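This report describes a structural model in terms of its domains, its ligand surroundings and one of its sheets. Please consult the sequence and the structure alongside the text.

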Amino acid sequence: MNDNIVVETRNLTKVFGDGGEVRALDGVNLIVRQGELLSVMGPSGSGKSTLLHLIGALDRPTEGQILIRGQDLATVKNLDRFRNEEVGFVFQLHNLIPTLNAVENVEIPLYEQPLSEKKRRQKAAKLLELVGLGDRLDHLPSQLSGGQRQKVAIARALVNDPAIVLADEPTGNLDSQSGQDVMTLLQELNERQGSTIIVVTHDPAVARTTKRIITLHDGRVARAVPLESPYLEDLRELKDSPLGKSLLEGEIPSELEGLGLEQVKPLLKGILEKV
Ligand code: ADP
Ligand code: MG
């Protein structure tokens, strides 16, 4: 197991209907690493939401496996607790509770944790500051704009420091400026806090703001585009290989002695640590 892999799906398959009528997901293999910001594109009905639901343990696969930080979801006994601790969800409709103000909404996931009322409030307020709503703690959802509500939902998704944030069309209900603000926020959270985020969208402009795009068609991965550079994937593969692991530990396998790797070892190590 590679410990910087946050999500791994193996042959992930979901069939809806008793007679196997709809193959919503059909053998999806996906690896998401710590600190990635990945978008999942694809036409309506291509399986995007199903993929997020399965990764977030809201539903179970028909076939295949999901590993979160190396743990197979099939072996998780308490899925509610798993979800609460490891997954932050952001949906198209923000799902805020209308009678609770912003900070109270963000506190909700913290009720499962042994925190004092004061600590809970402090943590929720800190997250709202982080998403730029430090001056809106007492506002009810009805007193916030669509974009602000979605930011509250993002703060709520992050408040438990989840392993992975899953956002299903988070900009789908917003005007384009608010949508851009929400994506900028997700980018900042990814860059500054190292949050690992999967964003489902059918908007190419939204997808382009992320570092990697995969496209689903009829439940299959159609295209994986490493946006920074196609070579980055090669470097990541090297990093995960036995050679990459040796280099990261500062070792050159004895079989490769004489190639001059010794001189560039620190450089290689530095590069692999970055990708
Ligand atoms: P997307 O999010 O890409 O629009 P979905 O993952 O929601 O697509 O759906 C993929 C396919 O699975 C669609 O054909 C949809 O009708 C079907 N589907 C999704 N959820 C269910 C369900 N609970 N019962 C039956 N069919 C479903
Ligand atoms: Mg969907």
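The following paragraphs treat the domains, the ligand shell and the sheet in turn.

The model is a predicted one. Its domain assignment divides the chain into domain 1, residues 5–228, and domain 2, residues 231–274. The centres of domain 1 and domain 2, calculated over C-alpha atoms, are 33 Å apart.

The shell around ligand 1 consists of F16, V22, A24, G42, S44, G45, S46, G47, K48, S49 and T50. By residue class, seven members of this shell are polar, three are nonpolar and one is charged. Two secondary-structure elements, β2 (22–33) and α1 (48–55), contribute at least two residues each. Of the contributions to the shell, that of α1 is the largest, at three residues.

Strand β2 also takes part in an open sheet of four strands, arranged in the order β2-β1-β4-β5 with antiparallel pairing. In general, the strands of a sheet are joined through backbone hydrogen bonds, in either a parallel or an antiparallel manner. β2 and β5 are the edge strands; each has a single partner, so one side of each lacks a neighbour in the sheet. At the β5 end, β4 and β5 pair in the antiparallel sense over two bridges, and L67 lies opposite D72 of β5.

| Strand | Residues |
|---|---|
| β2 | 22–33 |
| β4 | 63–68 |
| β5 | 71–72 |

Note on methods:
Residues numbered from 1 in each chain as written. Chains lettered and ligands numbered in written order. Predicted model: local features only at pLDDT ≥ 70, side-chain atom pairs only at ≥ 80, totals over all residues. Domains from an automatic or database assignment. Near = placed C-beta within 6 Å. Nonpolar A, V, L, I, M, F, W, Y, C, P; charged D, E, K, R; others polar. Pairing = 2+ DSSP bridges.
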